[in-house]
Amino acid sequence: MNEIYNMGLSLHSWSAIAVLGMIFLNLFILIGTKDLAKYKRANSLYWMPLEITVLGSLLFTGIVMMAAKHLTFNLENIAMILLGITLITLEAKRLKTLKYLNTKKEHAFNAYKPFARTILQAEFVLIFLMSLWVWLV
C-alpha cells in the first residue's frame, strides 16, 4: 500500500512540473506570436485542451492523494485546494477574454498580451511557490 501512495505522490509532483511547463510554453507562445487569428486557432485547438488536461491531472491526482490520506485537512492541503480554484478561475478569465477578442481590430492583440502575460506569470509563480513549499518541507 505504501508503494501505491508513493507512486501517487510522484505522479502528483510530475503533474505539477507538467503544469509549470505548459504555463511556460503558453507564455513563450504568447510573447512570440504576432497574429491574433493564428494564436486563437492554435490556442483553441492545441494549447488550451492540453493545458486543461494537464491541470486536470494535477487536480485529479491531488484528489486521489487526499482520499488516500482519509481526507485529512492540513494547511498544505487547504492551500492546494485554494490554489486549484484560483488556477481554474484565472484560466477561465484569460480564455474568455481571448474568445471575445475581435480579430478585425488592429490593436486587440496588443491590448490582450499584457493581460494574458500577467495571468500566466501569476499562475507560474503560484504553482512554483506551492511546489517549493511542499517539496522542501
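Guide: Let's start at Leu 71, which sits in the loop between helix 2 and helix 3. Before going further, a word on what you're looking at: this is a predicted model, where local features need pLDDT of at least 70 and side-chain atom pairs count only at pLDDT 80 or more, while totals for chains, interfaces and linings use all residues. Residues are numbered from 1 along each chain as its sequence is written, and side-chain values use heavy atoms, with hydrogens and water left out.

Back to the loop. Leu 71 has a positive phi of about 55°, although Leu 71 isn't a glycine. His 70 is found in the loop between helix 2 and helix 3 too, and here again phi is positive, at about 60°, in a residue that is not a glycine. So is this stretch buried or exposed? His 70 counts as exposed because its relative accessibility is 70%, and Leu 71 counts as exposed because its value is 54%. (Exposed means over 50% relative accessible area, buried under 20% and partly exposed in between, with a 1.4 Å probe and protein chains only.)

Now step back from the loop. The chain has four helices and zero strands, running α-α-α-α from the N terminus. Helices (H or I, at least four residues) and strands (E, at least two) are DSSP runs, numbered from the N terminus. Along its principal axes the C-alpha trace spans about 55 × 25 × 20 Å. Of the 137 residues, 33% count as buried. Take the contacts between residues at least 6 apart in sequence, and 81% of them join residues at least 24 apart; contact means heavy atoms within 4.5 Å.

What about the surface? The chain exposes about 8800 Å², with carbon and sulfur atoms supplying 73% of that area. Those areas come from the Shrake-Rupley method with a 1.4 Å probe, and for residues only the protein chains shown count as cover. On the charge side there are 13 positive and 7 negative side chains, and the centres of the two sets lie 12 Å apart. Lys and Arg count as positive and Asp and Glu as negative, leaving out His and the chain ends; each charge is placed at NZ of Lys, CZ of Arg, CG of Asp or CD of Glu.

Let's go inside, starting with helix 1. Ser 15 is found there and counts as buried because its relative accessible area is 8%. Apart from neighbours within four places in sequence, Ser 15 is in contact with Val 54, Ser 57, Leu 58 and Thr 61. The C-alpha atoms of Ser 15 and Leu 55 are separated by 7.6 Å, although the two residues are 40 apart along the chain. Ile 17 is in helix 1 as well, but counts as partly exposed because its relative accessibility is 39%. From Ile 17 to Ile 88 it's 71 residues in sequence and 17 Å in space, C-alpha to C-alpha.

Over in helix 3 you'll find Glu 91. This residue counts as buried because its relative accessibility is 4%. Glu 91 touches Glu 51, Leu 120 and Glu 123, not counting residues up to four places away in sequence.

The last stop is the largest pocket, with a volume of about 610 Å³. The pocket is lined by 25 residues, and His 12, Leu 58, Gly 62, Asn 77 and Met 80 lie nearest its centre. Helix 1 (2–32), helix 2 (36–68), helix 3 (75–99) and helix 4 (108–136) are the elements giving two or more residues to this lining. On a 1 Å grid over the protein atoms alone, a cavity is a set of points where a 1.4 Å probe fits but cannot get out, a pocket is an open set with protein on both sides within 12 Å along at least five of seven lines, and lining residues have an atom within 4 Å of a point.

Methods: Points joined across faces, edges and corners; volume = space filled by probe spheres on them.
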